[in-house]
Each structure stands twice: as C-alpha cells, then as structure tokens.
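Work through the exercises below with the structure open beside you. Try each task before reading its solution.

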Amino acid sequence: MSEVKISAADINKLRQMTGAGMMDCKKALEEAGGDYDAAVDVLRKKGIAKAAKREDREAREGVVIALASADQKNGIIVALNCETDFVARNEGFIGLTQKFADIALAQMPASLEALLALPFEGNVSIGEKVGEQNGIVGEKIELSRYEKISGDLVVTYNHSNNKRSVIVALNQTGDAVAEAGRDIAMQIAAMNPVSVSKDDVDPKIVEKEIEIGKELARNEGKAEDMLEKIAMGRLNKFFQESTLLSQKFVKNNEQTVQQYLQSINKDLTVTGFKHVAL
C-alpha cells in the first residue's frame, strides 16, 4: 500500500480552518490517510482544532464547584473556565465540571497538574478531555483551579450562580459546628479574608502593607521617625478587616468571627479555608 502524499496546500488549508500548527495539521492528515474531514476530527479530539487561535483570549466565565466527602473530613474545589456565560450555563458544561469534581474528591490529588493527569472516562486523561472541549465547544476551555482541604469537619458553600465556592475546615464535629461552618463559609464568600488569622498572613503581604502605610503617612506630611508606628497601626487595622477570625461577623457586627465561634464552644476555631471565585 503506497503512502499517502500530503501536500503543503492541504496542510495550509487545514491550518487556516482549524488554527492548529503546521506540524499538527500534517500529522493529522497522515493519521487520517489524507481525508480532510477525518483530519479535522483528529485535531478536535486532541483539542488542537481552533485552540491555537484562542490562546490569547481570556476564559473568565465558567463554573466553580465545591464538594465534601461523605464523612465531611475532606473537601475540594474545582473551577472549569470558558469564554462566555452562554457556555457556562450549559448543562453539559456544568455536568462535566461536576464529573471533574467527583474525581478530584475521590482521588484528592496533590496538585492541579496531578488532577489533570488522572484518567477520565475511556482512555483519556482529565487534561486531554479539557483539551478536547476546546475544539468541540469552540471556546477556550481551561481547568484553572483545584483546591483541597482536610479537617475534623469540612463544610462547603456554593454560590447559586456557580461562580464562587468555599471549603472551610473546623477543629470539632457535630451539628452545631456544621451549622457554624456554613455561616463561616458564607462569611468567607462575602468578605474574602486573606487568611485565618494574622499569624498566617503571607509575609510578603505584611511587608507590602507596612510599605503602603509608611508611604501614606509620608504623603500626609508625618515625620519620618513616626512612619513606622503609624504604619503598624494601619497594619493592625488591616488584620482586623482582612483576617477571618478578626473580621466582624456578618450576621452580628457586635461580634468578631472568633467570638462567634467561641460562643458555640470555647475551643472551636477554623483550621483552614479555600475560596475560589471567577
């Protein structure tokens, strides 16, 4: 059987139609035995067709889903992004995100890269399935976020529009703790704290806030020997407003989040949280 000859014109035609690279088009045509329509299907299945032209687009829409295990000891969040709200609201797209989330919860991979490498239905990986959707949907599709958490009790919150999810871990169990956890998850979604407490704020954030505080004081004409003290005062205010346990509780501004938790049990606290929003 003679080898099928692939012309440069055929390669260029496929490239113009799909936006795929020259070598990808050549390989697809060879794999398809020179059949142009079959070559398009080959590229679509590999997620290459049309994807190249979309690399510079931004996939800002999508679906975020948080799940907790049956024993409420583990939780995950995944975010599958697309370009338009039309695709994000499609039941098939939401269902695919749900399937990715189910796999993530069952396997609890160490990283996003590890999640993408996990097998999906059939002989493809999750990453390959995402790539395939680029060609099928006609938009840039990206599994952009994966977060996980474990604790004595993990509670989830999914906003009704599928654009925001939270997982929060607490150090105790029970119905009252679970109810408090839901309140805290909604607090996190609404107030977007940077950490649980001031003790675990990223040192780079602290350094940045001090520098901003000094510069603000300097611009206000304060003496140089007072800048550090003023900046530290502003830093303390930042901690109060931006760390979870120190924030005012949204359901009762007379309490901080820490005071609310301690009203349920003096030793109850949050051990960690993850918050993903599109």
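The exercises that follow concern a predicted model.

**Exercise 1. Aromatic pairs**

Solution: 
- A search of the whole structure gives three aromatic pairs.
- Take phenylalanine 238 and phenylalanine 239. Their ring centres are 6.1 Å apart and their planes stand at 55°, so this pair is tilted.
- Next, check burial. Phenylalanine 238 has 13% relative accessibility and counts as buried. Phenylalanine 239 has 10% and counts as buried too.
- Now take phenylalanine 249 and tyrosine 260. The centres are 4.1 Å apart and the planes at 15°, so these rings are stacked.
- Phenylalanine 249 is in strand E6 (residues 248–249), and tyrosine 260 is in helix H11 (residues 257–264), eleven residues apart.
- Both phenylalanine 249 and tyrosine 260 are buried.

**Exercise 2. Helix H7**

Task: Compare the reach of helix H7 with its expected span, and find what covers its buried residues.

Solution: 
- H7 covers residues 126–137, twelve residues in all.
- From first C-alpha to last, H7 reaches 16 Å, close to the 16 Å expected at 1.5 Å a residue.
- List the buried residues of H7: Ile126, Lys129, Val130, Gly131, Glu132, Gln133, Asn134 and Gly135.
- Their cover includes helices H3 (36–45), H5 (91–107) and H6 (112–117), along with strands E2 (74–82) and E3 (142–150).
- Look just past the end of H7. There glycine 138 takes a positive phi of about 85°.

**Exercise 3. Two helices crossing**

Task: Describe how helix H2 and H3 cross.

Solution: 
- The axes of H2 (residues 22–31) and H3 come within 8 Å and cross at roughly 120°.
- That angle makes H2 oblique to H3.
- The crossing of H2 and H3 is right-handed.
- Find the residues that meet. H2 brings Asp24, Cys25, Ala28, Leu29 and Glu31; H3 brings Tyr36, Ala39, Val42 and Leu43.

**Exercise 4. Valine 155**

Task: Is valine 155 buried or exposed, and which residues is it in contact with beyond its neighbours within four places in sequence?

Solution: 
- Locate valine 155 in strand E4 (residues 153–158).
- Read its relative accessibility: 4%. Buried means under 20%, so valine 155 counts as buried.
- Set aside the neighbours within four places in sequence. Valine 155 is then in contact with Val166, Ile167, Val168, Leu170, Ala178, Gly181 and Arg182.
- Take alanine 178 from that list. Valine 155 and alanine 178 are 23 residues apart in sequence, and 6.7 Å apart in space, C-alpha to C-alpha.

Key:
Residues are numbered from 1 along each chain as its sequence is written. This is a predicted model: local features need pLDDT of at least 70, side-chain atom pairs count only at pLDDT 80 or more; totals for chains, interfaces and linings use all residues. Side-chain values use heavy atoms; hydrogens and water are left out. Rings of Phe, Tyr and Trp (its six-membered ring) pair if their centres lie within 6.5 Å; planes under 30 degrees apart count as stacked, over 60 as edge-to-face and the rest as tilted. Buried means under 20% relative accessible area, exposed over 50%, partly exposed in between (1.4 Å probe, protein chains only). Helices (H or I, at least four residues) and strands (E, at least two) are DSSP runs, numbered from the N terminus. The expected span of a helix is 1.5 Å times one less than its number of residues. Contact means heavy atoms within 4.5 Å. Axes are lines fitted to C-alpha atoms, for helices over the stretch in contact, and angles run from 0 to 180 degrees between N-to-C directions. Angles under 35 degrees count as roughly parallel, over 145 as roughly antiparallel, 65 to 115 as roughly perpendicular and the rest as oblique. A crossing is left-handed if the near helix is turned anticlockwise from the far one by less than a right angle, and right-handed if clockwise.
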